[in-house]
Amino acid sequence: MEKILLINGSLRKESYNGKLLRAVSNELAKTTRFETTFCPNLDLPLLNEDLEGTNLPQSVLEFRSLLKAHSIVWIASPEYNGAPSGPLKNAIDWATRPPENLWAGKICVISSASPGALGGARGLIQLRTILSGIKCWVIPEQVQCSVAHEAFSPDGALQNGAVVKQIQSTLTGLQSFLDWR
Ligand SMILES: Cc1cc2nc3c(=O)[nH]c(=O)nc-3n(C[C@H](O)[C@H](O)[C@H](O)COP(=O)(O)O)c2cc1C
């Protein structure tokens, strides 16, 4: 089994990105290849180098060890002002710090849900660059769930068939990468 960690860049309770990750988890379950874990929300203290070394906050230690235990990460993040969310960037930064950049060598899938027409495309361009810069393998496929306020049913199920297809083709891309690796 391949261990995959699902990370939501939003802290919002009714987050569309959280719902998108639920749909991702449903598709992952169909393959029987993956053991899926949802990362707890990224409500970490703001990065402060004064807290590094022996003073690392407990929540940061927990996030770091969860990340360390997974070789594959699927991120869904809101786009805030054209960029990945602050909580996500903060968590990414915490996990790059000594004693070890824990992102190095991770296989990453990126996705975004937004009520807007572009589905967070601008934020994903930046997220791909950031993750590549910290030595992640970011697969070429990605998921952009646009008009997210209409994409989910009241019980949170993804009802936009085009986005389901995007998740499926992205998952195919991930599996091809894993086979090639
Ligand atoms: C500070 C802020 C900036 C935002 N900027 C963008 C943006 O640049 N592009 C976009 O598509 N949506 C933007 N939005 C709207 C978010 O896409 C929307 O709030 C979305 O529901 C957040 O994701 P979530 O549902 O997973 O929490 C912004 C929202 C906030 C709070």
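In this predicted model, the side chains of Glu-27 and Lys-30 form a salt bridge (a side-chain nitrogen of Lys or Arg within 4 Å of a carboxyl oxygen of Asp or Glu) with an N to O distance of 3.0 Å. Both residues belong to helix H1, 3 residues apart, about one turn of the helix. Glu-27 is buried, at 10% relative accessible area, whereas Lys-30 is exposed, at 58%. Buried denotes under 20% relative accessible area, exposed over 50%, and partly exposed the range in between (1.4 Å probe, protein chains only).

By this rule the count is 10 salt bridges, including the following.

| Pair | N to O distance |
|---|---|
| Glu-27 and Lys-30 | 3.0 Å |
| Arg-33 and Asp-179 | 2.9 Å |
| Glu-100 and Lys-68 | 3.3 Å |

Arg-33 is partly exposed at 21% relative accessibility, and Asp-179 is exposed at 57%. For the other pair, Glu-100 is partly exposed at 37% and Lys-68 is exposed at 53%. Salt bridges with shared partners join Glu-2, Arg-33, Asp-179 and Arg-181 into one network.

A ligand nitrogen lies 2.6 Å from a side-chain N or O atom of Glu-79, and a polar side-chain atom of Arg-122 is 3.0 Å from a ligand oxygen.

Residues are numbered from 1 along each chain as its sequence is written. Local features require pLDDT of at least 70 and side-chain atom pairs pLDDT 80 or more, while totals for chains, interfaces and linings use all residues; side-chain values use heavy atoms, without hydrogens and water.

Key. A polar contact is a pair of N or O atoms within 3.5 Å; within protein, one must be able to donate a hydrogen and the other to accept it, and residues adjacent in sequence count only if both atoms are side-chain atoms. Helices (H or I, at least four residues) and strands (E, at least two) are DSSP runs, numbered from the N terminus.
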